[in-house]
Amino acid sequence: MIDNAYILDNGGFTAKVGLSSAEPRVIPNSVMKAKSERRRPFVADQVEECRDASGLFYILPFQKGYLVNWDIQKTIWDHIFGKDCCPVNFNETPLIVTEPYFNFPSVQEAMTEIFFEEYECQSLLRINAGDLSNYHYSSDNPNTLACMVVDVGYSFSHVTPYIKGKKRREGIKRIDVGGKALTNHLKDIISYRQLHVMDETYVINQLKEDSCFVSLDFMADMEIARKRGPENTIARDYVLPDFTSIRRGFLRTLEETSKSTEGEQTLRMNNERFAVPEILFHPSDLGVQQMGIAEAIVSSINSCPVETQPHLFANIVVTGGCALFPNFQKRLLQDVRKLAPDEYDVRVTLPENPLTYAWEGGALLSKHPEFYSFVVTKEEYEEEGLHICYERFDI
């Protein structure tokens with residue numbers, strides 16, 4: 001058993017990172033440039049030092065869920081592993097790093113080479129974030145035979161069945177909708193109805209996090225949103241940040257706005273609050289001709305052996321940033337329940353922090369007595385090359 005491992009859950013929008021003995025840090029996995037400070041790029045968490053984050057320009061290492069911009073990713077990793085962020089000595093500490101399902105072999109190879117040859121890792125485990133979430137769930141529920149991991153991420157949403165700890169590849173479903181699509185759609189709506197915000201990804205992303213929720217009855221909420229005055233209990237004003245006195249925007253009721261005399265800039269949020277997250281359940285609203293999350297779960301479970309299906313319906317766990325929307329868990333349970341056979345129990349678990357759930361699974365995995373049989377050491381890599389990585393890592 002090892003004392004410590006360094007876990008890097010390398011997501012498309014945020015990296016969850018840190019030593020297994022400490023709490024993880026959630027850091028933007030991007031380089032940003034601000035209009036106000038053109039000369040200086042802000043790498044990862046340096047964005048907190050940016051005085052005016054309006055019109056932030058993002059340079060992301062991930063495109064459509066896969067790592068494509070290696071120069072940017074390397075810059076971010078150099079910063080993350082450096083003394084100002086989450087320092088690590090790879091000579092002594094094994095590294096667990098996550099990558100997407102069905103990652104391209106060229107990306108896997110480049111990743112392995114960078115960690116062994118440039119960062120001089122002594123031992124490395126490349127693994128899917130869903131595998132770590134499944135391990136975490138199985139550790140918390142030791143008698144569980146199967147688990148359905150629903151990861152609602154930045155570029156994609158994935159639905160993956162795990163049976164006796166192994167992912168069932170033919171059951172993996174990917175929906176091309178995630179947090180990025182929701183933010184972009186919200187930018188479109190606000191720019192069309194109120195204020196041009198197409199360059200304000202940073203602010204609108206925060207607006208989405210602060211004001212959106214999942215509707216439990218879409219048509220009824222639409223009726224409320226059509227009403228005027230106090231009968232409309234959904235409409236809110238979002239006070240935009242000015243980056244002097246207000247660093248992050250906030251929601252307030254229309255009544256509070258009417259009493260306010262300060263010259264704040266506000267956006268009126270009405271049916272957008274629940275219509276934007278609705279895309280996760282009906283991607284066709286955005287022109288993506290795919291199943292919603294609930295249908296994808298049922299379709300995935302139906303592709304698994306009949307004897308495992310009741311266990312999968314009873315052990316659905318949701319992870320990823322979009323799982324943080326209020327009512328997400330209730331709505332998913334409601335929708336899956338409607339589609340599932342009556343004789344099966346349906347349970348949907350929302351972890352305390354769905355964002356760091358996979359990272360925490362990595363911390364638990366590093367304490368596994370046979371942890372070193374999962375990793376590839378630098379010695380093995382030098383002797384056998386990439387071949388041993390393909391054998392040992394089940395991506």
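**A walk through the predicted fold**

Of the contacts (heavy atoms within 4.5 Å) between residues at least 6 apart in sequence, 65% join residues at least 24 apart. The structure is a predicted model, in which local features need pLDDT of at least 70, side-chain atom pairs count only at pLDDT 80 or more, and totals for chains, interfaces and linings use all residues. Residues are numbered from 1 along each chain as its sequence is written, and side-chain values use heavy atoms, with hydrogens and water left out.

The protein has 14 helices and 20 strands; these are DSSP runs numbered from the N terminus, helices being H or I of at least four residues and strands E of at least two. Along the principal axes, the C-alpha atoms fill a box of roughly 70 × 60 × 35 Å. Buried residues account for 54% of the 395 residues, where buried means under 20% relative accessible area, exposed over 50%, and partly exposed in between (1.4 Å probe, protein chains only).

Helix α5 (residues 201-211) is mostly covered, with eight of its 11 residues buried. These are Y202, V203, I204, N205, Q206, L207, K208 and S211. They pack against the helices α4 (179-193) and α8 (272-275) and against the strands β6 (57-59), β15 (236-239), β16 (250-252) and β17 (266-269).

A helix pair comes next. Two packed helices are described by the angle between their axes and the distance between the axes. Axes here are lines fitted to C-alpha atoms, for helices over the stretch in contact, and angles run from 0 to 180 degrees between N-to-C directions. Helix α3 (residues 129-140) packs on helix α12 (residues 357-365) at an angle of about 70 degrees, and their axes are 7 Å apart. The two helices are therefore roughly perpendicular; angles of 65 to 115 degrees count as such, under 35 as roughly parallel, over 145 as roughly antiparallel and the rest as oblique. The crossing of α3 and α12 is left-handed, meaning that the near helix is turned anticlockwise from the far one by less than a right angle; clockwise would be right-handed. From α3, A129, L132, S133, Y135, H136, Y137, S139 and D140 take part, and they meet Y357, A358, E360, G361, G362, L364 and L365 of α12. By class, this contact has eight nonpolar, five polar and two charged residues.

Two buried residues can be followed individually. V336, in helix α11 (residues 328-339), is buried at a relative accessible area of 0%. Beyond its neighbours within four places in sequence, V336 contacts A294, I297, V298, F313, I316 and V346. V336 lies 96 residues from L240 in sequence and 37 Å from L240 in space, C-alpha to C-alpha. H158 belongs to strand β12 (residues 157-163) and is buried, with a relative accessible area of 9%. Residues up to four places away in sequence aside, H158 touches Y101, V149, V150, D151, I172, K173 and R174.

Two loop residues have positive phi. F102, in the loop between β9 (95-99) and α2 (105-118), has a phi of about 50 degrees although it is not a glycine. F102 is partly exposed, at 43% relative accessibility. N327 sits in the loop between β18 (316-319) and α11, and its phi is near 75 degrees. N327 is also partly exposed, with a relative accessible area of 28%.

Key:
Ala, Val, Leu, Ile, Met, Phe, Trp, Tyr, Cys and Pro count as nonpolar, Asp, Glu, Lys and Arg as charged, and the others, Gly among them, as polar.
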